[in-house]
Amino acid sequence: MKLCKRIFIIHVRSNNISDERYLRVIARIVTSGLLLSYGIRRSTCICIETPKLNFIVLGSRIRRLYSDDSSSTGIIRRVIQGEPHAGIRFLSSCSEVNCKARFDAIEFMHRLEVLSLGNIDYPICLDIHVVRSEGKYVIEGLGLEPWYVVAILNIILDNLGIDT
């Protein structure tokens, strides 16, 4: 995990890990956080923390991750069932990730003007809390689908020159 400079820590508050929508949401978070039009964000990692299982997807080591929902959802389904996959490690908790700078993602976006990010130590970790609301999975307190927020945060961090 030394190669992770940007880590999204996704806290998913749902016990229904066999729900197809649940699997699709996690897969979309992973693909929106790691995939670029020309490859993979090698220094970005996605840590998924659920009530039943925790794992980290390492951008530098992930294999066979594609942008289509069916293949990425299949990878997540197999991982949640306990099967290993290249570039994905099981953890006891996402707190095992050694964050040098840790922010709540929503607060981070709201406070960009006042944050001092000049000499930031890596890895930078952004916590995102996902809840089920009205039949869909959204960011707690924001109501947006989590993969949009991850994509927006990647763009913000790229534009700030963090981890480029």
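Modeller: Gladly! This is a predicted model, where local features need pLDDT of at least 70, side-chain atom pairs count only at pLDDT 80 or more, and totals for chains, interfaces and linings use all residues. Residues are numbered from 1 along each chain as its sequence is written, and side-chain values use heavy atoms, leaving out hydrogens and water.

Colleague: What span does helix α2 reach, and what is expected?

Modeller: From first C-alpha to last, α2 (residues 69–80) reaches 16 Å, close to the 16 Å expected for its twelve residues. The expected span is 1.5 Å times one less than the number of residues. Helices are DSSP runs of H or I, at least four residues, numbered from the N terminus.

Colleague: Which residues of α2 are buried, and what do they pack against?

Modeller: S72, T73, G74, I75, I76, V79 and I80 are buried (under 20% relative accessible area, with a 1.4 Å probe and protein chains only; exposed is over 50%, partly exposed in between). They pack against α1 (20–34), β5 (54–58) and β6 (88–91), where contact means heavy atoms within 4.5 Å. Strands are DSSP runs of E, at least two residues.

Colleague: Why is V114 called exposed?

Modeller: Its relative accessible area is 58%, so V114 counts as exposed. V114 sits in the loop between α3 (105–110) and β8 (124–133).

Colleague: Which residues touch the most other members of the largest nonpolar core?

Modeller: I10, I46, F55 and I128 do, in a core of 43 residues. The largest share, eight residues, comes from α1. Such a core is a set of buried Ala, Val, Leu, Ile, Met, Phe, Trp, Tyr and Cys residues joined through side-chain atoms within 4.5 Å.
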